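Open the model in your viewer and switch to a cartoon view. We will go stop by stop, selecting one piece at a time.

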Amino acid sequence: DARRLSLIYKDQAFIPGKEGQYPEHMEIYRTTATGLTIFLRPVKISDEPLLKDFFYDLSDKTIYRRFFTMRPDMPHERLQSYVIIDYTKEIVILASIMEEEKEVIVGMGQYIIEETSLSAEVAFIVKDEYQNRGIGTEILTYLTYLAKRHGLTSFTAEVLVENKPMIHVFEKTGFDIEKRGSEGVYEMKLNFVD
């Protein structure tokens with residue numbers, strides 16, 4: 001029906017069944033340490049335009065720190081990898097605020113469960129003008145809560161050595177951290193602590 005009504009792309013992929021069913025119970029409001037109220041929720045297929053705007057609003061520095069490369073564009077095919085997900089194997093959480101009665105994405109975090117362990121690879125990114133306002137901390141805290149509920153015991157992450165803000169968020173969130181560095185990148189294991 002959504003394809004017929006042109007609400008989504010004609011070639012829009014989707015995951016049928018429970019794996020692709022939107023987990024509405026994961027929607028939650030949080031207030032950051034700086035007093036900003038954000039809405040944290042799982043990504044939906046219909047979020048592709050919002051995510052496109054989000055990615056195109058990011059600075060080159062922010063993109064490089066997250067992806068370790070410059071991404072000049074974010075085509076439909078790439079955006080689909082963020083919005084078409086199996087919620088039983090990965091989670092993408094969006095942090096949004098309302099601006100002039102329109103939802104605006106100010107941050108995004110995700111984890112992808114590693115099939116051979118009780119761990120998941122984690123990453124997050126925050127819009128430049130909203131950095132240093134506690135959004136990354138709230139996203140990571142919520143992802144950790146969801147991962148623990150899923151039975152996971154740790155996250156892994158690759159972080160540029162120069163990405164001090166992200167390392168700081170990991171350190172202050174209270175993980176037991178194992179860190180190895182090579183060629184300007186830390187490979188981190190973030191063990192959950194009860």
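## Stop 1: the sheet

Start with the strands. Eight strands form an open sheet with mixed pairing, in the order β1-β2-β3-β4-β5-β6-β8-β7. Its edge strands are β1 (28–31) and β7 (176–182), and each of these pairs on one side only. Neighbouring strands of the sheet are turned by 25° against each other on average, direction ignored. Axes here are lines fitted to C-alpha atoms, for helices over the stretch in contact, and angles run from 0 to 180 degrees between N-to-C directions. Two strands pair if DSSP finds at least two bridges between them.

A word on the model before you go on. It is predicted, so local features need pLDDT of at least 70 and side-chain atom pairs count only at pLDDT 80 or more, while totals for chains, interfaces and linings use all residues. Residues are numbered from 1 along each chain as its sequence is written, and side-chain values use heavy atoms, with hydrogens and water left out.

## Stop 2: the whole chain

Zoom out. The protein chain has five helices and eight strands. Helices (H or I, at least four residues) and strands (E, at least two) are DSSP runs, numbered from the N terminus. Follow the chain from the N terminus, and the elements run β-β-α-α-α-β-β-β-α-β-α-β-β. Of the 194 residues in the protein chain, 44% are buried. Buried means under 20% relative accessible area, exposed over 50%, and partly exposed in between (1.4 Å probe, protein chains only). Now think about contacts, meaning heavy atoms within 4.5 Å. Among contacts between residues at least 6 apart in sequence, 60% join residues at least 24 apart.

## Stop 3: β1 to β2

Select β1, then strand β2 (residues 37–42). Four bridges join β1 to β2, and the two run antiparallel. Pick Ile 28: its bridge partner in β2 is Leu 40.

## Stop 4: β3 and its neighbours

Next, select β3 (90–99). Eight of its ten residues are buried, so β3 is largely enclosed by the rest of the structure. On one pairing, β2 and β3 run antiparallel over four bridges. There, Pro 42 has Ile 93 in β3 as its bridge partner. On another, ten bridges join β3 to β4, again antiparallel. Find Glu 90, which stands opposite Ile 112 in β4.

Which residue takes a positive phi in the hairpin of β3 and β4? Select Glu 100. This hairpin has two residues between the strands, and Glu 100 takes a positive phi near 50° there. Glu 100 is not a glycine. Most residues other than glycine have a negative phi. Is Glu 100 buried or exposed? Glu 100 is exposed, with a relative accessible area of 81%.

## Stop 5: β5

Move on to strand β5 (residues 119–126). Seven of the eight residues of β5 are buried, so this strand is largely enclosed by the rest of the structure. Strand β4 (residues 102–113) pairs with β5 in the antiparallel sense over seven bridges. The two form a hairpin with five residues between them. Select Ile 112 again: its bridge partner in β5 is Glu 121.

Now look at β5 with strand β6 (residues 154–160). Three bridges join them, and the two run parallel. Ala 120 stands opposite Phe 155 in β6.

Follow the chain past β5. Asn 132 is in the loop between β5 and α4. Asn 132 has a positive phi of about 65° although it is not a glycine. Asn 132 is exposed, with a relative accessible area of 73%.

## Stop 6: α4 and α5

Finish with two helices. Select α4 (residues 135–149) and α5 (residues 164–172). Their axes come within 10 Å and cross at roughly 50°. α4 and α5 are therefore oblique to each other. Angles under 35 degrees count as roughly parallel, over 145 as roughly antiparallel, 65 to 115 as roughly perpendicular and the rest as oblique.

Which residues meet here? Gly 136, Thr 137 and Leu 140 in α4 meet Val 169, Phe 170 and Lys 172 in α5. By class, this contact has three nonpolar, two polar and one charged residues. Ala, Val, Leu, Ile, Met, Phe, Trp, Tyr, Cys and Pro count as nonpolar, Asp, Glu, Lys and Arg as charged, and the others, Gly among them, as polar.

Last, show α5 with the sheet. α5 lies across β5, β6, β7 and β8 (185–191), running at about 155° to β6.
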